[in-house]
Amino acid sequence: MKNPFPIVDSLKSYSVGWFKKDLFAGLVVGVMLIPQGMAYAMIAGLPPIYGLYTAIVPTIIYALIGSSRHVSVGPVAMDSLILVAGASAFAVEGTSEYILVVATITLLVGAIQLSMGILKLGFIANFLSKPVILGFTFAAAVIISIKQLKYLFGVQLEGVSGLLDEFIYYFLHIDQIHFPTLWISLVSLLILVIGKKITSKIPLSLVVVLLGMGISYYFQLDKLGISLVGYLPSGLPEFSIPTVSGLPWGEFLPLAITLALMGFVEIYSIGQRLQSKHKAEYDINANQELVSLGLANVIGSLFRTFPSTASFSRSAVNESSGAKTTLASVIAAIIVVLALLFLMPVFQFLPHAVLGAIIFVAVLGLIDFNLAKNLWKTDRYDFVMLLSSFLGTLILGIEWGIGFGILISLVVLVYKTSAPHMAVLGRVSGTNFFRNLDRFDAAIDDAYVSILRFDARLFFANVGSLKSKVEQLIKEKPTTKKFILDAQSMIDIDSSGIEGLEDIINHLNDCDVEFHMVSIIGPVRDKLFKTGLMDKVGMARIHDCIEDALSDHTDKQKLVFQTNAK
């Protein structure tokens with residue numbers, strides 16, 4: 001039986017050397033968590049302090065029971081944007097009522113994830129295709145970036161109702177740009193972008209935060225009209241059970257389900273990617289991840305956190321910094337605790353423009369144009385799903401975008417299954433090999449024989465395609481006397497498929513063409529016997545390979561087949 005606390009197993013062989021690596025990684029991630037936590041709280045429509053709360057409780061809970069040793073759990077930009085898009089419909093951002101709504105949603109998210117883990121539903125992650133998630137991510141990055149422009153330009157938006165209106169507003173009101181704020185933004189962006197190209201070892205987000213606070217304090221930037229974070233309460237988050245009475249918590253469910261699924265997909269995919277570098281050290285368990293993330297959010301909601309999951313940037317830094325166990329995450333949380341206890345008076349001088357710049361650079365890094373370009377070259381269906389999810393999210397909004405993407409992926413799946421790959425085969429000259437006539441110039445088409453390989457399960461959704469293909473082949477080659485169906489790739493057949501084969505046989509009989517089947521696998525063969533279709537085809541026309549179907553040794557072939565069937 002697996003230990004429900006994987007950290008115990010990792011600590012059994014713990015050493016001083018491991019502790020030094022965990023300590024270093026924890027310090028690096030901890031200093032990243034402080035500015036990121038505050039920035040992502042802003043995205044979520046919450047005061048910055050709640051980002052720090054979310055960087056503590058869920059991080060520690062996951063570290064105790066999570067199966068990944070390198071994943072860094074806490075606030076992330078994507079989920080923050082999904083949250084504010086849905087939660088802002090129930091309360092005004094930043095108010096005490098909004099904070100209560102967020103805590104309730106977080107509780108629901110955790111409960112859904114925990115229930116999924118207990119019920120062993122981790123396999124659900126396989127049904128969310130990567131192109132859909134990528135399209136949603138790209139769109140979310142664009143939306144988040146546009147929403148940071150008000151902090152970067154120092155512009156107060158008025159009468160804006162949508163993303164496009166917001167984007168156009170800045171062009172129509174250039175005269176409202178606050179240039180002192182813009183200069184702070186540009187300097188921060190330059191440090192983050194150029195600094196990343198120079199070195200990856202320095203936590204640049206912390207650098208711009210320290211510079212921003214120092215310059216703000218020394219030059220009294222608030223007197224220049226630059227917006228600052230302002231007062232932040234010191235101390236740890238207080239325990240408080242979300243009060244659901246009076247709240248339309250039933251209406252929170254669609255949003256909670258979306259956040260629960262997105263959070264799970266993020267943590268599981270990031271965990272798998274990092275674990276692939278450490279296969280000999282530990283394994284990732286999907287259901288364990290659901291349980292650990294669910295508990296992290298449930299317990300976190302009692303301390304007014306918002307939904308958390310794995311951050312790719314922090315997780316990557318955690319792994320590259322040499323973290324050996326989840327103790328590194330505990331150390332990172334302790335760094336945030338120390339900041340809450342002793343450094344909050346300093347953070348009141350932090351300009352919003354600096355946090356906006358950190359978010360802007362972080363989310364733009366999520367857009368991978370090369371990946372989209374490769375999909376266009378290698379798989380147009382996947383590219384269509386990515387583009388549909390991207391445009392659907394931009395047009396319909398965050399809360400509906402991923403649902404639209406999933407719908408498109410299902411449509412593509414249905415289309416692919418209803419129009420499976422089929423290859424017309426011919427003998428390669430001078431050999432007993434048979435290859436696709438469209439792909440191999442050396443393959444020769446016989447004027448009196450048609451050979452078709454069906455590369456899919458034969459069932460109700462695609463049997464029509466097979467019937468149409470057979471009819472087309474006979475029509476295009478009226479000299480055909482023998483039709484051979486290569487079933488080596490036909491992994492299953494249902495009742496509609498059986499009926500479809502009967503129709504094909506009848507059609508070929510009417511055309512005075514012999515029907516033969518070759519390379520039938522066991523499960524399909526069993527169904528052909530049980531339904532009596534094998535008798536209708538005739539054992540003399542069932543073969544192990546195409547070469548046998550073309551020969552005249554039918555009696556010998558029949559004996560071989562019957563012997564193998566026993």
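Start by selecting phenylalanine 167, which is partly exposed, with a relative accessible area of 35%. The model on screen is a predicted one.

Phenylalanine 171 is exposed, at a relative accessible area of 55%, because the cut-off for exposed is over 50%.

Now widen the view. Across the whole structure, a search finds 14 aromatic pairs. Phenylalanine 167 and phenylalanine 171 make an edge-to-face pair, because their ring centres are 5.3 Å apart and their planes stand at 70 degrees, where over 60 counts as edge-to-face.

Stay with aromatic rings and select Phe153, Tyr169 and Tyr170, which together form one aromatic cluster.

Is phenylalanine 459 buried or exposed? Phenylalanine 459 has a relative accessible area of 11% and is therefore buried, since the limit for buried is under 20%. Phenylalanine 460, in contrast, counts as exposed, with 59% relative accessibility. The rings of phenylalanine 459 and phenylalanine 460 have centres 5.1 Å apart and planes at 85 degrees, so this pair is also edge-to-face.

The charged end of arginine 457 sits over the ring of phenylalanine 459, at 4.7 Å from the ring's centre.

For the last stop, select tryptophan 376 and arginine 380. Here arginine 380 lies over the face of tryptophan 376, 3.7 Å from the ring centre.

Methods:
Residues are numbered from 1 along each chain as its sequence is written. This is a predicted model: local features need pLDDT of at least 70, side-chain atom pairs count only at pLDDT 80 or more; totals for chains, interfaces and linings use all residues. Side-chain values use heavy atoms; hydrogens and water are left out. Rings of Phe, Tyr and Trp (its six-membered ring) pair if their centres lie within 6.5 Å; planes under 30 degrees apart count as stacked, over 60 as edge-to-face and the rest as tilted. Buried means under 20% relative accessible area, exposed over 50%, partly exposed in between (1.4 Å probe, protein chains only). A charge sits over a ring if NZ of Lys or CZ of Arg is within 6 Å of the ring centre and within 35 degrees of the ring normal.
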